[in-house]
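Hello,

Here is the structure I promised to pass on to you.

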Amino acid sequence: MGSAPGTPASESSVVEPESAGTDSVPESRPGAPRILLISGSTRPGSTNTAALRTFADIAAPAFTTELFTGLVEIPAFVPGDQPAPPPVRALRDRLAAADAVVFCAPEYAGFIPGSLKNLLEWTVGGADLHEKPVAWISVAAPGRGEGAITSLRTVLGYVGAVEIESACRRITVLGTMVGPDEKVADATVRQALAESVAAIGAYLSAAPAPREL
Ligand SMILES: Cc1cc2nc3c(=O)[nH]c(=O)nc-3n(C[C@H](O)[C@H](O)[C@H](O)COP(=O)(O)O)c2cc1C
């Protein structure tokens with residue numbers, strides 16, 4: 001059972017065996033839309049990951065969220081590598097199950113981190129993000145992080161993802177805002193994340209249901 005909106009989701013729910021590579025929050029109601037959260041930071045104490053963990057709190061119980069935690073396990077992309085390595089197959093399963101994907105990535109040397117670009121390269125051949133609704137959240141300080149946003153949008157456009165523009169947000173999350181629970185309590189940040197959650201909900205509600213053949 002998930003938590004009420006705006007309150008922390010249960011921490012007892014983390015990582016079912018079949019969801020290795022993700023922090024999961026249990027589906028709180030049957031058929032709840034699924035959002036996969038992908039942080040571009042591998043750093044313990046990451047502000048980007050904390051923002052997504054907070055997003056998951058806020059999204060419950062209306063959404064089932066999974067925080068992808070397997071970025072460091074994704075091997076370097078090898079074109080034509082078949083079958084794909086297990087961490088990549090696990091990622092693809094997560095992407096296939098997701099109704100929407102939210103990215104939150106730091107800027108490294110003017111771009112998204114290479115590890116995230118590498119993850120995204122694995123999705124090119126399998127079209128895993130093709131027509132997938134996506135949003136990005138930047139937690140960089142004002143005036144920073146634009147290179148990460150621009151490069152992420154370029155790659156997401158290349159793989160054919162559909163940006164939910166209304167759900168994308170620039171929110172500053174300082175390291176000092178990350179609590180011992182690796183979440184953000186700051187009301188302004190939580191309000192912005194709640195707006196992003198709501199925008200994804202509105203987008204998915206308005207999207208035409210898949211046609212049955
Ligand atoms: C190798 C490296 C390169 C970085 N390059 C940039 C950069 O080009 N532009 C920028 O604004 N910040 C840059 N930063 C700062 C990070 O974006 C910033 O520390 C961010 O908060 C890290 O996110 P995290 O807290 O989720 O790990 C860089 C940090 C590292 C470690």
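Of the contacts in the protein chain with a separation of 6 or more, 79% are between residues 24 or more positions apart. Two residues are in contact here if their C-beta atoms, placed from the backbone, lie within 7 Å. Please keep in mind that this is a predicted model, in which local features need pLDDT of at least 70 and side-chain atom pairs count only at pLDDT 80 or more, while totals for chains, interfaces and linings use all residues. Residue numbers start from 1 along each chain, as its sequence is written.

The overall layout

The protein chain has 5 helices and 7 strands, and along the sequence they follow the pattern β-β-α-β-α-β-α-β-α-β-β-α. Helices (H or I, at least four residues) and strands (E, at least two) are DSSP runs, numbered from the N terminus. Of the 213 residues in the protein chain, 42% are buried. A residue counts as buried if 20 or more other C-beta atoms lie within 10 Å of its own, as exposed if 12 or fewer do, and as partly exposed in between, with C-beta atoms placed from the backbone.

Helix α1

How many residues of α1 are buried? The count is 13 of the 13, so α1 is largely enclosed by the rest of the structure. From its first C-alpha to its last, α1 reaches 18 Å, close to the 18 Å expected at 1.5 Å a residue. That expected span is 1.5 Å times one less than the number of residues in the helix.

The ligand

There are 14 residues around the ligand, and the closest are S41, S46, T47, N48 and P106. A residue is near a molecule if its C-beta atom, placed from the backbone, lies within 6 Å of it. By class, this shell has 4 nonpolar, 7 polar and 3 charged residues. Ala, Val, Leu, Ile, Met, Phe, Trp, Tyr, Cys and Pro count as nonpolar, Asp, Glu, Lys and Arg as charged, and the others, Gly among them, as polar.

Helices α2 and α3

Two packed helices are described by the angle between their axes and the distance between the axes. For α2 (residues 86-97) and α3 (residues 114-126), the angle is about 70° and the axes are 11 Å apart. The two helices are therefore roughly perpendicular to each other. V88, L91, R92 and L95 of α2 make the contact with L119, W122, T123 and G126 of α3. By class, the residues of this contact are 5 nonpolar, 2 polar and 1 charged. For the terms, axes are lines fitted to C-alpha atoms, for helices over the stretch in contact, and angles run from 0 to 180 degrees between N-to-C directions. Angles of 65 to 115 degrees count as roughly perpendicular, those under 35 as roughly parallel, those over 145 as roughly antiparallel and the rest as oblique.

Backbone details to check

Two cis peptide bonds may interest you. One joins A60 and P61, with omega about 5°, and P61 sits in the loop between α1 (47-59) and β3 (64-68). Another runs from Q82 to P83, with omega near -10°; P83 is in the loop between β3 and α2.

A127 lies in the loop between α3 and β5 (133-138), and E131 is placed in the loop between α3 and β5. A127 counts as exposed because it has 11 C-beta neighbours inside 10 Å, and E131 counts as exposed because it has 9.

What does G160 touch, leaving aside residues up to four places away in sequence? Its partners are A127, L129, H130 and E131. G160 belongs to the loop between α4 (146-158) and β6 (162-163), and its C-alpha is 5.7 Å from that of E131, although the two are 29 residues apart in sequence. With 14 C-beta neighbours inside 10 Å, G160 counts as partly exposed.

Finally, D181 is in the loop between β7 (169-170) and α5 (187-206). D181 is partly exposed, as 13 other C-beta atoms lie within 10 Å, and its C-alpha is 9.8 Å from that of T54, 127 residues away along the chain.

Best wishes
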